[in-house]
Amino acid sequence: MKKLLRNTLRSRWFQRAAGFLVAEYLRLVWRTNRMSFDPPEIYAQVEPQMPAILVFWHGQHFLTPFIKTKEIHRAKVLISLHRDGEFNALAAERLGIGTIRGSGDHGSAFHRKGGVRAFMEMVRTLEEGYNVALTADVPKRARVVGLGLIKLARESGRPIMPFAMATSRFIQLKNWDRTTINLPFGRGAVVGIEAIFVPPDADAETMEKLRAKVEATLNETTDRAYARVGRPEAARLEQAGDG
């Protein structure tokens, strides 16, 4: 029975069906939440600086495809090679977002999980005029920004744009990244504060300062997003890892 279940989960037809259902559910969530933007002119601020590196905390990614509203917003998202990532990749592609498969892991796993290849593909993607969207935290270490993101900005010369998305109705899982499953029929918010540039000659000290700045900015955007939807306590619960 376990083998049958494992084979079913890995089968292409099941993954496509799951990706379709996830995409259509997220479309329902987006359409039935009253969305607000902070600042209101957020698109006018972001568009002149595209292509950009759009970053958000792990576990807050489900609604990000819907911020793409124009052709110039074209984007690709980094998704892991794990089986769960396959569902996410198929859902993203159905929602009009390209995918880059790989991992942000450090150490030996960085090579094993396609990290080097994914890094180079992200650089090429930005050179081709696509935005790149990815989670900022180090795998298995929620709310800690990894240096790989800073290296990508230094190598590509493109700005990092931290943002957060939240809905007033959600289910929060008790896994390592506090994954938020957004629910329909509520309020939603998209919050972005500023672009962060990494100089091409940034040394280790500068990169660490900018890494900490991205981390602090993401925490602030998350606080503001949940405050806008009337759930300010939710941001603290995410960062604390409480239930």
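Which hand does the crossing of α7 and α8 have, left-handed or right-handed? The crossing of α7 and α8 is right-handed, a term used when the near helix is turned clockwise from the far one by less than a right angle, with anticlockwise giving left-handed.

A word on the basis: this is a predicted model in which local features need pLDDT of at least 70 and side-chain atom pairs count only at pLDDT 80 or more, while totals for chains, interfaces and linings use all residues. Residues are numbered from 1 along each chain as its sequence is written, and side-chain values use heavy atoms, with hydrogens and water left out.

**The chain**

You will find nine helices and eleven strands here, taken as DSSP runs (helices H or I, at least four residues; strands E, at least two) numbered from the N terminus. Of the 243 residues in the chain, 49% are buried (under 20% relative accessible area, 1.4 Å probe, protein chains only). Among contacts (heavy atoms within 4.5 Å) with a separation of 6 or more, 71% join residues 24 or more positions apart.

**Two helix pairs**

Axes are lines fitted to C-alpha atoms, for helices over the stretch in contact, and angles run from 0 to 180 degrees between N-to-C directions.

| Pair | Axes come within | Crossing angle |
|---|---|---|
| α7 and α8 | 9 Å | roughly 110° |
| α6 and α7 | 10 Å | roughly 40° |

The angle makes α7 roughly perpendicular to α8 (65 to 115 degrees). On the α7 side the contact uses L147, L149, I150, K151 and R154, which meet M207, L210, R211 and V214 of α8. These residues divide into six nonpolar, no polar and three charged (nonpolar: Ala, Val, Leu, Ile, Met, Phe, Trp, Tyr, Cys and Pro; charged: Asp, Glu, Lys and Arg; polar: the others, Gly among them).

By contrast, α6 and α7 are oblique to each other, and α6 passes α7 in a right-handed crossing. Here F119, M122, V123 and L126 of α6 touch G148, K151, L152, E155 and S156 of α7. That contact holds five nonpolar, two polar and two charged residues.

Seven strands form an open sheet with mixed pairing, in the order β1-β11-β8-β2-β5-β3-β4; strands pair if DSSP finds at least two bridges between them. At the edges, β1 (34-38) and β4 (98-101) each pair on one side only. From one strand to the next, the twist averages 25°. Strands β2 and β5 pair in the parallel sense over four bridges, and V55 has L134 in β5 as its bridge partner.

Helix α6 packs on this sheet, touching β2, β3, β4 and β5, with its direction at about 150° to that of β4. Helix α7 lies across β2, β5 and β8, running at about 170° to β2.

Terms used
Parallel < 35°, antiparallel > 145°, perpendicular 65-115°, else oblique. Buried < 20%, exposed > 50% of the residue type's maximum accessible area, 1.4 Å probe, protein only.
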